[in-house]
Amino acid sequence: MASTYSFDIVSDFDRQELVNAVDQVVRDIKSRYDLKDTQTNVELGENSITVSTDSEFTLESVHTILREKAAKRNLSQKLFEFGKVESASGNRVRQEITLKKGISQEIGKQISKLIRDEFKKVQASIQGDAVRVTAKSKDDLQTVIQRLKQEDYPVALQFTNYR
């Protein structure tokens, strides 16, 4: 039997679910009457989604559709960081939506400080863009997970590698 138990706190998303959500958004845009003739383009890159359309009103509609499709596929809304709206050629607008992945150093420090302050029997260590949490009791780890779910961090947290 293991003497200590651990899990990792990460911020990640299922890439295939995101691809499917963006495909659904494109299909929705082509079939919706109010968006059909806007020549709206939605392109999924490695770390971002680029939306190009004819007005800010249709851009807001695309945001709504994207959020809705992502929610149906269990993707967090915190995944999207909407950039500045830029004007493009031909009276069009373009926006880059950055996909947030990984826990930054400062958020990792906030998480480990919260764990240190509230749970004396639990250790937290920052490992790159993840936080490893270890304890002698599985119950302590479960309590930490429940407490972290109550906090509102700017990134979506997942708890993986539970042993």
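Q: Which residues lie nearest the centre of the largest pocket?
A: This is a predicted model. In it, Asp12, Phe13, Ser76, Ala156 and Gln158 lie nearest the centre of the largest pocket, and its lining comprises 13 residues.

Q: How do the residues of that lining divide into nonpolar, polar and charged?
A: Five residues of the lining are nonpolar, four are polar and four are charged.

Q: And what volume does the largest pocket have?
A: The volume of the largest pocket is about 150 Å³. In general, empty space is found by rolling a probe the size of a water molecule over the atoms.

Q: Changing topic, how many helices and strands are there?
A: The protein has four helices and eight strands. Read from the N terminus, the elements follow the order β-α-β-β-α-β-β-α-β-β-α-β.

Q: In what order do the strands of the open sheet come?
A: The order is E2-E3-E5-E4, four strands with antiparallel pairing. Strand E2 (41-44) and strand E4 (80-88) are the edge strands, each pairing on one side only. From one strand to the next, the twist averages 15 degrees.

Q: How many bridges pair E2 and E3?
A: Four bridges pair E2 and E3 in the antiparallel sense. These two strands form a hairpin, with three residues between them. Within this pairing, asparagine 41 stands opposite serine 52 in E3.

Q: What stands opposite serine 52 in E5?
A: That is arginine 94. Strand E3 (residues 48-53) pairs with strand E5 (residues 92-99) over six bridges, again in the antiparallel sense.

Q: Which strands does helix H1 lie across?
A: Helix H1 (residues 15-31) lies across E2, E3, E4 and E5, and runs at about 170 degrees to E2.

Q: What about E6 and E7: how many bridges join them?
A: Strand E6 (residues 122-127) and strand E7 (residues 130-135) run antiparallel and are joined by six bridges. One of the facing pairs is glutamine 123 and threonine 134, the latter in E7.

Q: Which residue in that hairpin takes a positive phi?
A: Glycine 128 does, with a phi near 70 degrees; the hairpin of E6 and E7 has two residues between the strands.

Q: Last topic: what radius of gyration does the protein have?
A: The protein has a radius of gyration of 20 Å, whereas a compact globule of 163 residues would have one near 15 Å. Along the principal axes, the C-alpha atoms fill a box of roughly 65 × 25 × 25 Å.

How values were computed. Residues are numbered from 1 along each chain as its sequence is written. This is a predicted model: local features need pLDDT of at least 70, side-chain atom pairs count only at pLDDT 80 or more; totals for chains, interfaces and linings use all residues. Side-chain values use heavy atoms; hydrogens and water are left out. Two strands pair if DSSP finds at least two bridges between them. Axes are lines fitted to C-alpha atoms, for helices over the stretch in contact, and angles run from 0 to 180 degrees between N-to-C directions. Contact means heavy atoms within 4.5 Å. On a 1 Å grid over the protein atoms alone, a cavity is a set of points where a 1.4 Å probe fits but cannot get out, and a pocket is an open set with protein on both sides within 12 Å along at least five of seven lines; lining residues have an atom within 4 Å of a point. Grid points are joined across faces, edges and corners, and a volume is the space filled by probe spheres set on the points. Ala, Val, Leu, Ile, Met, Phe, Trp, Tyr, Cys and Pro count as nonpolar, Asp, Glu, Lys and Arg as charged, and the others, Gly among them, as polar. The radius of gyration is taken over C-alpha atoms; the globule rule is 2.2 Å times the number of residues to the power 0.38.
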